[in-house]
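Here's a quick briefing to read with the model open beside you.

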Amino acid sequence: MSSFPLVLIHHAGGAANVFAPLQRALPASVRPIALELPGRGRRWREQPFTDARDAIADMARQIGDLGPEIAILGHSLGAYLGLGLAAFLERQNRVRCSTLFASANAGPRAAALPFDKPAMECGDDEIIEIAMLSGGGVPKEVLDNQQLRSRTAALLRADFSLSQTFLASDRQTVTEADIEVFCGSEDIFDDQQLRAWASNSTGRTVIRYLPGGHFYLSNMDNADTMSSVIDARIGATASSQV
């Protein structure tokens with residue numbers, strides 16, 4: 001039996017390596033495909049996107065032809081891009097996303113960003129402060145190194161613009177995919193914000209809390225729990241097709 005594709009989309013200011021614990025935990029029946037936005041990781045020489053629709057179209061090109069059905073897991077910013085990607089693929093009649101695993105973010109219709117002006121107009125100090133308020137934070141070694149701090153601020157500025165443009169134009173997006181919401185029990189999002197994901201799907205929505213904060217998925221125990229949930233959900237999807 002072939003493995004089921006699981007597309008992974010990382011958070012603002014981050015890269016695909018945030019999913020390393022989960023990738024180690026996933027069974028052979030699930031094939032993780034970790035996408036990466038330009039400006040980091042293996043795409044560090046490329047100019048970052050600042051508009052969500054450009055990023056979503058780029059991700060659709062990255063995944064190519066994965067077969068008739070996939071699942072998507074997006075963390076933080078990645079949850080919004082994942083929703084956009086699922087709907088984009090549906091409109092193209094190309095690939096069906098059976099389940100969107102939305103991690104560490106409020107439902108788009110209940111989202112409120114911690115800044116008012118365009119993200120691209122924010123200075124380095126402002127954008128770093130926004131990252132701290134958003135629950136993700138910035139590592140001390142980055143804050144203490146001016147070169148790393150400037151580069152991180154530039155990346156965060158572009159990525160927060162992705163969130164901002166998505167919410168400005170596409171927060172009403174609806175997918176046929178079921179939505180499974182993962183959230184750290186110590187993250188900043190409340191039940192109402194998480195339940196709001198239900199309005200972005202014509203399928204079912206389930207909310208699951210795991211111990212920890214915004215980056216709860218770096219904990220191996222949490223990665224094991226997520227792997228079990230993902231495997232069961234994908235297994236149920238595969239069984240329904242037989």
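Where is Ser76 found? It sits in the loop between E3 and H3. Before going on, note that this is a predicted model: local features need pLDDT of at least 70, side-chain atom pairs count only at pLDDT 80 or more, and totals for chains, interfaces and linings use all residues. Residues are numbered from 1 along each chain as its sequence is written, and side-chain values use heavy atoms, with hydrogens and water left out. Helix and strand names come from DSSP runs (helices are H or I with at least four residues, strands are E with at least two), numbered from the N terminus.

- Ser76 is buried, with a relative accessible area of 12%; buried means under 20% relative accessible area, exposed means over 50%, and partly exposed is in between (1.4 Å probe, protein chains only).
- The phi of Ser76 is near 60 degrees, a positive value in a residue other than glycine.
- For background, most residues other than glycine have a negative phi.
- The side chain of Ser76 makes a polar contact with the side chain of His214, at 3.0 Å.
- A polar contact here is a pair of N or O atoms within 3.5 Å; within protein, one must be able to donate a hydrogen and the other to accept it, and residues adjacent in sequence count only if both atoms are side-chain atoms.
- His214 is in the loop between strand E6 (205-210) and helix H8 (220-241), and it counts as buried because its relative accessibility is 7%.

**Ser227 in H8**

- Ser227 has its place in helix H8 and is buried, with a relative accessible area of 5%.
- The side chain of Ser227 reaches the backbone oxygen of Ala25 at 2.9 Å.

**The aromatic cluster**

- Tyr80, Phe166 and Trp197 form one aromatic cluster.
- Rings of Phe, Tyr and Trp (its six-membered ring) pair if their centres lie within 6.5 Å; planes under 30 degrees apart count as stacked, over 60 as edge-to-face and the rest as tilted.
- By this rule the count comes to three aromatic pairs.
- Tyr80 and Phe166 are stacked, because their ring centres are 5.5 Å apart and their planes are at 10 degrees.
- That pair links distant parts of the chain, with Tyr80 in helix H3 and Phe166 in helix H6, 86 residues apart.
- Both Tyr80 and Phe166 are buried.
- Tyr80 also pairs with Trp197, this time tilted: 5.9 Å centre to centre and 40 degrees between the planes.
- Tyr80 lies in H3 and Trp197 in the loop between helix H7 (191-195) and E6, so this pair ties together parts that are 117 residues apart in sequence.
- Tyr80 has a relative accessible area of 3%, and Trp197 counts as buried at 0% relative accessibility.

- Strand E4 (residues 96-103) is mostly covered, with seven of its eight residues buried.
- Strand E3 (residues 69-75) runs parallel to E4, and seven bridges join them; two strands pair if DSSP finds at least two bridges between them.
- One example is Ile70, whose bridge partner in E4 is Cys97.
- Ala104 is in the loop between E4 and H4, and it has a positive phi of about 60 degrees although it is not a glycine.
- Ala104 counts as buried, at 0% relative accessibility.
- Gly107 is also found in the loop between E4 and H4, and it counts as buried at 0% relative accessibility.

**The largest pocket**

- The largest pocket has a volume of about 840 Å³.
- Of the 41 residues that line it, the closest to its centre are His11, Ala12, Gly13, Leu156 and Phe160.
- The elements that give two or more residues to the lining are helix H3 (77-92), helix H4 (124-133) and helix H6 (146-170).
- H6 supplies the largest share of the lining, eight residues.
- A pocket is found on a 1 Å grid over the protein atoms alone, as an open set of points where a 1.4 Å probe fits, with protein on both sides within 12 Å along at least five of seven lines; lining residues have an atom within 4 Å of a point.
- Grid points are joined across faces, edges and corners, and the volume is the space filled by probe spheres set on the points.
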